[in-house]
Amino acid sequence: RHELLQKLSTSTYTLSANTCRVLTGRWLDPYTNKVFTRSEDVDIDHLVPLSYAWKHGAFGWSKDKRIKFANDERNLFAVQSSVNREKSDSGPLKWLPPNVAFRCEYILRFERIGKIYGLEFSEKETNQYNTLKDVYCK
């Protein structure tokens, strides 16, 4: 978490006295389009949640592939803690970011991560994703 907070900070960050924790920095949450400066106000979110991936084929992956997925920075964002909890383990068919301007990118990234890792989507889910793209990615 703290290594990623350092990488994602868009300005100088401060560390705790023992240098184990990031205390402050500057993080733009794409889900809300808000800027946060205190690390305690953000969570690291898996755009494609781990449990969502598990239900869509990750249960059959090797341990190495699961670790790679869990740590893939293309799938990780610093986001407002309360919004991350609201999202929980949902995908775009059940939850979309409150920042309407990010919804298309969210859907496309979700789909791209799914393709990179070979997640399995039913025909119905694929059709529903295409409908979402038609609505938000004009």
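Reader: Is the crossing in which H5 passes H6 left-handed or right-handed?

Author: A crossing is left-handed if the near helix is turned anticlockwise from the far one by less than a right angle, and right-handed if clockwise. In this predicted model, local features need pLDDT of at least 70, side-chain atom pairs count only at pLDDT 80 or more, and totals for chains, interfaces and linings use all residues. Here H5 passes H6 in a left-handed crossing. Residues are numbered from 1 along each chain as its sequence is written, and side-chain values use heavy atoms, leaving out hydrogens and water.

Reader: At what angle do the axes of helix H5 and helix H6 cross?

Author: Axes are lines fitted to C-alpha atoms, for helices over the stretch in contact, with angles from 0 to 180 degrees between N-to-C directions. Those of H5 (residues 103-117) and H6 (residues 123-136) come within 9 Å and cross at roughly 150°. H5 is therefore roughly antiparallel to H6 (angles over 145 degrees).

Reader: Which residues make the contact between H5 and H6?

Author: Contact means heavy atoms within 4.5 Å. H5 contributes Arg-103, Cys-104, Ile-107, Leu-108, Phe-110 and Glu-111, while H6 contributes Tyr-129, Asn-130, Leu-132, Lys-133 and Tyr-136.

Reader: Where are Asn-33 and Ser-88 found?

Author: Helices (H or I, at least four residues) and strands (E, at least two) are DSSP runs, numbered from the N terminus. Asn-33 lies in the loop between strand E2 (22-29) and strand E3 (34-38); although not a glycine, Asn-33 has a positive phi of about 65°. Ser-88 sits in the loop between helix H4 (81-87) and H5. Ser-88, likewise not a glycine, has a positive phi of about 55°.

Methods: Angles under 35 degrees count as roughly parallel, over 145 as roughly antiparallel, 65 to 115 as roughly perpendicular and the rest as oblique.
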